[in-house]
Amino acid sequence: MSLLQRFKPRFWDYQHVPGGPAKRLVNFPLIWKVSVLVTVAVSLGPLIFITIVDYNVTRRSVESDIMLRTARTVSNIRRSVSFFLEERSLSLDFIARDNDLTALNNTARLNSILMNLREGFGKFTDLGVIDSSGRQTNYVGPYSLLNKDYSDQDWYMQVVKGGVYISDVFLGFRKVPHMVIAVRRDLSEGSFFVLRASLDIAIFESVLSSVELDRLGDAFIINHQGVLQTSSRENGNVLEKVPLPVPPYSSQTEVVEGKDSNGRDIVIGYRYIDKTPFILMIVKKKKALIESWQKTRLELIGFLIGSIILILAVIVGIATYLINRMYLADEKRIMILHEMEYSNKMASIGRLAAGVAHEINNPLAIINEKAGLIKDLFTFKDIYAKDHKLIGIVDSIISSVDRCGKITRRLLRFARHMNVSLQSINLEEVINEVLDFLNKEAEYRSIVVSVKVQKDIPDFENDRGKLQQIFLNIVNNAFAAMSDGGHLDIVAEMKHRNSILITITDDGCGIPETDLTHIFEPFFSTKTGQGGTGLGLSITYSLVHEIGGSVSVQSEVGKGTTFSITLPLKNIKAEGD
Amino acid sequence: MRILLVDDEEELVATLAERLAMRGIDADWVTNGEDAILKAETESYDLSVLDVKIPRISGINLKRELEKRNPHMKFIFMTGHGSEADYKAGSEEAGSEFYLIKPLDIRLLIEKINTALNSVGGSI
């Protein structure tokens, strides 16, 4: 709280005064708020707008990049798989055309063809010849499938119908997952035979693994029923049902967004492979894909927050600084107005005092002379000379006139100095002149006033009227703070060779620490409502500065207050400087 | 030693003249500048005590007029007014030493008269 207090600008506590002497040019906290809000709005508005636009643009570009890359990967793998299968079915077709049925029914010949196929293409498990009745007439491979009847097998019916058949992965008689490629060869007499090869499904794994797929994705092949044709890393093993819906048919590569069985966002790229029962799928986790985007996003948000903090700090700082300067300038303006008003008031008081003194002085002078004459007559004529009572009465009249004369002289002297700028000052004399006005009050209230002026203080050039006002204000304040029977000590001594230090110490009620920093501010008054204007000390402060001095205050509640005034012996600022 | 007192308050100058006479100082008095000039033309005065403010002519101007007629004449100013202009003019013209503020102290006045005339004549 105290830190906040320390950094709180002066104008913050400003209370708007609708009129009167303390009226300010503007409502400072309000203008501060308006200027900060407007500046923040026009500077942060476009920044936030642009950042949001940029955010969206970047997000969209990252997302489309992900889609594009996925589509490209799917296309590449599809091409490899298609090529792989086509290559094998074409080679079977060539063998069926290149060899007649007799040659193919020769086991040694068929075995040699199988060896060649394995060597040339790899992954061929076995090779068989089936006649038009569906019976396998020749077979080479690891299983004993000779004479097996395939006539009721689905793949057989398909190849008889279509000429070429590529099966999906199935267990078949051998109870091992495999796939089949079969071609029909028509014979001249209207008969036909079928050449059938089964392939190790490891071929797919080799194709899929040949495609560069980072850890972010899972590539696999399913058939149209959603059964896995290859084992997948995260979506099940071969011949299991994939935990994702079968994507709708499309003749092109498609990339769609979806959710996996755990509800996580995924990107699915797929392609129906023509003339086969296969659908190639690549599933990528979106979260991992947009990791780079997350980083960019974090940087973007960090940049935005950093910029906002910087802009706010600069705006608040500059607005506070400028408004505070305005406030101080306005404060100075009001001070000057009040000083003018105050010095006009003092000048009026001076003129009034001089007028009254003058008017009283003339009759007083006559009384003085008449009483003097009476005394002269008494003194010079023997008959009255011995009448002590009469002499006493006349003396009393003369001494009363003398007292009145002193009062009018004091008033005249005070008024006379009111308008003078520079003159030679005897400090002790000025202090005593001021105290003359307050002697009666001090007497009534039993306040003991002691004045100690160091003897070697030389006379110096300064503004006597201002000095009088300064002392009068401070001593008046001290009197107000003291209870009856208090002590006021005024000490003047040389501080340095060129300056005098005057301390005015009272043992009054003291000033609380929170008020100490404000007591020289205009309109700060603890006597509000009791006739205090809050201007006395602020005027004192500016008067001291006007005559080239400085004033400070130390105080302790309950113990008293000391005002210290430092005055220059030389180099006083010229009037109007 | 002859002295001319000039003040618009007749009661004051008349009484003052009487009191000075009692002390052996021969003092005439007038209440305006014209009379003072007339007096100075016919009589010879060593010193004049002038109010700074005299109707129609200021004490300073009167002093100059009197000086024309008697260059050796000395002057003491008195005033019941404390304005700065008066103070400056009076003290510059006569020297602040010879500038008295009313009501006057008769002893001080005689002291100043003696000083001004640089003599020890007269009694208190």
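Predicted model: local features only at pLDDT ≥ 70, side-chain atom pairs only at ≥ 80, totals over all residues.
**Entry: annotated segments**

I began with the UniProt record. Its unreviewed entry carries the annotation "transmembrane region" for residues 30–53 and 300–323 of chain A. I then looked up the secondary structure of each stretch. Residues 30–53 of chain A are 100% helix and 0% strand. Their end C-alpha atoms lie 34 Å apart. Residues 300–323 of chain A also come out as 100% helix and 0% strand. Here the end C-alpha atoms are 34 Å apart.

**Entry: α8 and α14 of chain A**

I looked next at a helix pair. Helix α8 of chain A spans residues 291–380, and helix α14 of chain A spans residues 536–546. Their axes come within 11 Å. The crossing angle is roughly 95 degrees. Angles of 65 to 115 degrees count as roughly perpendicular, so α8(A) and α14(A) are roughly perpendicular to each other. From α8(A), the residues at the meeting point are Met335(A), His338(A), Glu339(A) and Tyr342(A). From α14(A), they are Ser538(A), Ile539(A) and Ser542(A). I sorted this contact by class: three residues are nonpolar, three polar and one charged.

**Entry: nonpolar cores**

Which residues have the most contacts inside the largest nonpolar core? I found Ala182(A), Leu195(A), Leu280(A) and Met281(A). This core has 55 residues. Helix α2 of chain A, residues 28–98, gives the largest share, eight residues. I followed Leu195(A) further. A second, separate core has 42 residues. Leu20(B), Val30(B), Leu47(B) and Ile76(B) are among them.

**Entry: chain B**

I turned to chain B as a whole. Chain B has five helices and seven strands. Along the sequence, they follow the pattern β-α-β-α-β-β-β-α-β-α-β-α. Of the 124 residues in chain B, 47% are buried. I also checked contacts with a separation of 6 or more in chain B. Residues 24 or more positions apart account for 59% of them.

**Entry: Pro568(A)**

My last stop was one residue. Pro568(A) sits in strand β16 of chain A, residues 560–568. Is Pro568(A) buried, exposed or partly exposed? I count 19 C-beta neighbours inside 10 Å. Buried needs 20 or more, so Pro568(A) counts as partly exposed. Beyond four places in sequence, Pro568(A) touches Asn498(A), Ser499(A), Gly548(A) and Gly549(A). Pro568(A) and Gly548(A) are 20 residues apart in sequence. Their C-alpha atoms are 6.5 Å apart in space.

Note on methods
Residues numbered from 1 in each chain as written. Chains lettered and ligands numbered in written order. UniProt positions renumbered as here; feature names shortened; annotations may be inferred. Helix = DSSP H or I, 4+ residues; strand = E, 2+ residues; numbered from the N terminus. Buried ≥ 20, exposed ≤ 12 C-beta atoms within 10 Å, placed from the backbone. Contact = placed C-beta atoms within 7 Å. Axes fitted to C-alpha atoms, helices over the stretch in contact; angles between N-to-C directions. Parallel < 35°, antiparallel > 145°, perpendicular 65-115°, else oblique. Nonpolar A, V, L, I, M, F, W, Y, C, P; charged D, E, K, R; others polar. Core = buried A, V, L, I, M, F, W, Y, C linked by C-beta atoms within 7 Å.
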